[in-house]
Amino acid sequence: MQFELNERAIDATLGTLRKAATSLKAHDYQWRIAQLDALFQLTEDHEKAICEALKADLNKSYTEAFVTEVGYLQSEIRHAKKHLKAWMKPRKVGTPLMAFPGKSFHYPEPLGVIFIMGAWNFPFQLTIAPLVAAIAAGNCALLKPSELTPKTSALIAELIPQYMDKDAIAVVEGGKEVSTYLLAQRFDHIFYTGGETVGKIVMQAASQYLTPVTLELGGKSPCIVDKHCDLTVTANRIVWGKWTNAGQICIAPDYVYVHESMKDAFLAALRKAITSQFGKQPQNSQDYGRIVNSNHLARLSNYLEGVESIEIGGEIDAESLYFAPTVVLNPPLTSPLMQQEIFGPILPVLTYDSHDQVIDMIGSREKPLALYLFSSDEDIQQRYLAQTSSGNMCINDTLIFMTNADLAFGGVGNSGMGRYHGKSGFDLLSNLRAVMKRPFILDVFIRYAPYNSLKTTLLKAFQ
Ligand code: NAD
């Protein structure tokens, strides 16, 4: 699909948003609640159309589309509404003796206009969830959904103006050309979800105006299966985490490390779990997604070129963009499969002898977005917590941690910067203005020049 770059229309839209941001209309608690209500209403009124767009773009089943996109957003909105008053309150902090009597606060205030660039794998959720945070924090926002999922992008562009305050929230559709033009404009914050390459472009563009950025990126998220685990439950949870949305999830387990002694039992459990969730022929399953486009299908097919150890799956149907749930055993660590983020339905399974080996390997790579550990052994859990680093960690499960709005979500190092969801999103898109308030009484003059040894002694005592 071709999008046109209409610079005049974009400039006019941005002008409107800036005017709304400076009019302070979004600062008001009632405005924020009204916008959150409208957004909730949009998801309720158009649940079917949203799920249909997701079906057309990614072959998501209705249930998956509802749970991971629409329903997910509804709980995020409910959570924001429930806590908004408390989040908006000035946060009292201590005041040192030197400034006595006095009071100190962190006073959350909106940043202004937020530019939100959505990604294609959860094209509705990943464009709208940052908007929930932006509205809660009292900002205006410009949304640019991913061009790779055109049905969802068009629906967002159609619905947002029907429900939201048009002066404060707008949508611009488009691809690289439009993104490049938008990135050259001045915003108060850029919220980008996507890959590392564009993440660097975003950060570079943002530096022109010293605009703060949030980068929600990806990477290779490891999943370790220790000897001390329930293999059936482990396999079920890994299959769910890996093959929901045909593996096109930033936090999907990218590869699994399983103890050598459990390799065969683990592969058998995986096979069983794949069959029980998607049937013997996943191609016929209503619940198994498709690859977003032929470029990504070709990228994924290349990973399998020359690979001999395909244990499960490997079937591809280019016409219907089908790529079977695929498991590859022990690919070389230097192969593209183990060097690049897979972001698709291929799961390398590697074997290990000792946790030292796994921890060293994880530590030698870029910090991942998520790390999964399946082990009931508390010492092993503690070791991975202490000796590895990742944006998020989930012990004995996979994607489920995303349902907790109280958990801040984001990457570290190469997997991104900035955290959102719930209060973290509110804080991220607020300026936590530091305010100290003092009365006129008790003007302790020792701080004023001219200084002498007595003043110096007293000042030292007050530190
Ligand atoms: P993408 O290529 O669709 O890019 C996302 C946005 O960048 C789009 O709006 C697009 O218009 C814009 N864009 C693309 N090329 C550009 C350019 N040259 N200049 C300016 N803008 C440009 O996204 P992607 O990289 O294919 O997404 C997949 C990646 O996203 C994976 O690495 C995945 O892990 C990551 N991801 C992360 C999260 C998260 O929450 N951390 C969520 C989803 C996806």
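**Backbone features and the ligand site**

Pro-101 lies in the loop that runs between strand E1 (91-93) and strand E2 (103-110); helices (H or I, at least four residues) and strands (E, at least two) are DSSP runs, numbered from the N terminus. The peptide bond that joins Phe-100 and Pro-101 is cis, with omega about -10 degrees. The structure is a predicted model, in which local features need pLDDT of at least 70 and side-chain atom pairs count only at pLDDT 80 or more, while totals for chains, interfaces and linings use all residues. Residues are numbered from 1 along each chain as its sequence is written, and side-chain values use heavy atoms, with hydrogens and water left out.

A cis peptide bond is also found from Ala-449 to Pro-450, where omega is near 0 degrees. Pro-450 belongs to the loop between strand E18 (430-437) and helix H16 (453-462). Asn-59, in the loop between helix H3 (47-58) and helix H4 (62-88), has a positive phi, near 55 degrees. Most residues other than glycine have a negative phi, and most peptide bonds are trans.

The ligand is surrounded by 27 residues, a residue being near if one of its heavy atoms lies within 4 Å. The closest are Trp-120, Glu-147, Gly-194, Leu-217 and Glu-341. By class, the shell holds 12 nonpolar, 10 polar and five charged residues; Ala, Val, Leu, Ile, Met, Phe, Trp, Tyr, Cys and Pro count as nonpolar, Asp, Glu, Lys and Arg as charged, and the others, Gly among them, as polar. Domain 1 (7-217 + 414-435) and domain 2 (222-403) both contribute to this shell, so the ligand lies between them; the domain bounds come from an automatic or database assignment.

Oxygen atoms of the ligand lie 2.9 Å from a side-chain N or O atom of Ser-179, 3.1 Å from a backbone N or O atom of Gly-194 and 2.9 Å from a backbone N or O atom of Gly-195. The protein covers 89% of the 850 Å² of accessible area that the ligand has on its own (Shrake-Rupley method, 1.4 Å probe). Two or more residues of the shell come from each of helix H7 (176-183), strand E6 (189-193) and helix H8 (196-207). H7 gives the most, with four residues.

Definitions and conventions: Polar contact = N/O pair within 3.5 Å; in protein donor to acceptor, adjacent residues only side chain to side chain.
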